[in-house]
Amino acid sequence: QAKDAGRGVHRLFERDREDHLQRIDLLQREFLQAMARDELVLHYQPKVDMSTGEIWGVEVLVRWLRQGELRMPAGFIEAVEQRAPLIRQLGRHMLEAAASQIDHWLGTGRRWYVSVNIGAQHLLDPAFIEDVDEVLARHPAAAAWLQIEVTEQAALRDLESTRRALAACRARGLAVALDDYGTGHASLTYLQELPANQIKLDQRFVGRLLVEPRALAIIAGTLTSARLLDLDVVAEGVESVEQGELLLQLGCQVAQGYLISHPLPADALTAWADAWLPPPQWTGGEKSVWFTHEDLP
Ligand code: C2E
Ligand code: MG
Ligand code: MG
Ligand code: MG
């Protein structure tokens, strides 16, 4: 009888699994339609140099307007990344959008890097660099201001192909950031092997910086390696002035996070940038009095 019950449970799991696969399949088909119907909405989030308050660049992040509701990538990007043609089409769409946005911003005197997230499957696709070239042929001036952000997922699958794809990007003048840095397994190997210009400290570490000695240690160590390897470091997920202040003291100049701005539509981001004033603690206008080294965890 116990065995029968076991089989019942097994059948149930099997059905769950089928339901799950069907849901993913449906999501993938709907996403393909959404791209065709131009239902993707792009938001831009600034990366600022805390020491000057200047805008270094912006990251473009995809949202999906689905039945009147704005869906965040957490709800669909994994399903999209499982299908090579889908993630490739999304990547091409985002690269094209970023390059035209760069042209537009350059035309109004805004020299901002625009960063696009590239999924591992797309980066490893031999056609990836053709996609880049196609976009650059239409927007030659954008090459110097376009950045791609990649996670170590691609490198985990195929380090040599990842290295080659990134080198091809660099050869065309693009900048390369290693996203979500510190969350993976062999991060230091990748730092040494991959031709990146920038590391993005994952928000998990940044969020714990002020309360967890381990997070502080990882960030301080990463900053030391980055300095030696001549890489810029961006802190993701900066939500308080104090986090930014400590990051600056540790040698991390560029920050991105809700404290500075949430991701916004391009026009709203431009208006935000015109009005933006950095916290005085960052730019040295006013020294913080509360922070002492004894306060460090
Ligand atoms: P990511 O590239 O690491 O992007 C950072 C995510 O953190 C964004 O979420 C951003 O809105 C969020 N974030 C920014 N500042 C803060 C903060 O201060 N606090 C907190 N808690 N979160 C903050 P989003 O837009 O939901 O994107 C999630 C992930 O989806 C991205 O992580 C990226 O991996 C992926 N993604 C987004 N757009 C694209 C795309 O066009 N293509 C691909 N392949 N992936 C994308
Ligand atoms: Mg990113
Ligand atoms: Mg990230
Ligand atoms: Mg992240």
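Two rings of Phe, Tyr or Trp count as a pair if their centres lie within 6.5 Å. In this predicted model, the structure holds eight such aromatic pairs. One of them joins Tyr113 and Trp145. The largest nonpolar core has 82 residues.

**The Tyr113–Trp145 pair**
- The ring centres of Tyr113 and Trp145 are 4.9 Å apart.
- Their planes meet at 55°, so the pair is tilted; stacked pairs need planes under 30 degrees apart, and edge-to-face pairs need over 60.
- Tyr113 belongs to strand β4, residues 113-117.
- Trp145 sits in the loop between α5 (128-138) and β5 (146-150).
- The pair therefore ties together parts that are 32 residues apart in sequence.
- Tyr113 has 22% relative accessibility and counts as partly exposed.
- Trp145 is buried, with a relative accessible area of 16%; the cut-off for buried is under 20%.

**Aromatic cluster and a charge over a ring**
- One aromatic cluster is formed by Phe31, Trp64 and Phe76.
- Arg66 lies over the face of Trp64, at 4.9 Å from the ring centre.

**The largest nonpolar core**
- Ile148 and Leu247 have the most contacts inside this core.
- Helix α3 (residues 84-107) gives the most to the core, with 10 residues.
- Leaving aside neighbours within four places in sequence, Ile148 is in contact with residues including Leu95, Val116, Ile118, Leu123 and Phe128.
- Further contacts of Ile148, on the same terms, include Leu166, Cys169, Leu174, Ala175, Val176 and Ala177.

Methods: Residues numbered from 1 in each chain as written. Chains lettered and ligands numbered in written order. Predicted model: local features only at pLDDT ≥ 70, side-chain atom pairs only at ≥ 80, totals over all residues. Heavy atoms only, no water. Phe/Tyr/Trp six-rings, centres within 6.5 Å; stacked < 30°, edge-to-face > 60°. Helix = DSSP H or I, 4+ residues; strand = E, 2+ residues; numbered from the N terminus. Buried < 20%, exposed > 50% of the residue type's maximum accessible area, 1.4 Å probe, protein only. Lys NZ or Arg CZ within 6 Å of the ring centre and 35° of its normal. Core = buried A, V, L, I, M, F, W, Y, C linked by side-chain atoms within 4.5 Å. Contact = heavy atoms within 4.5 Å.
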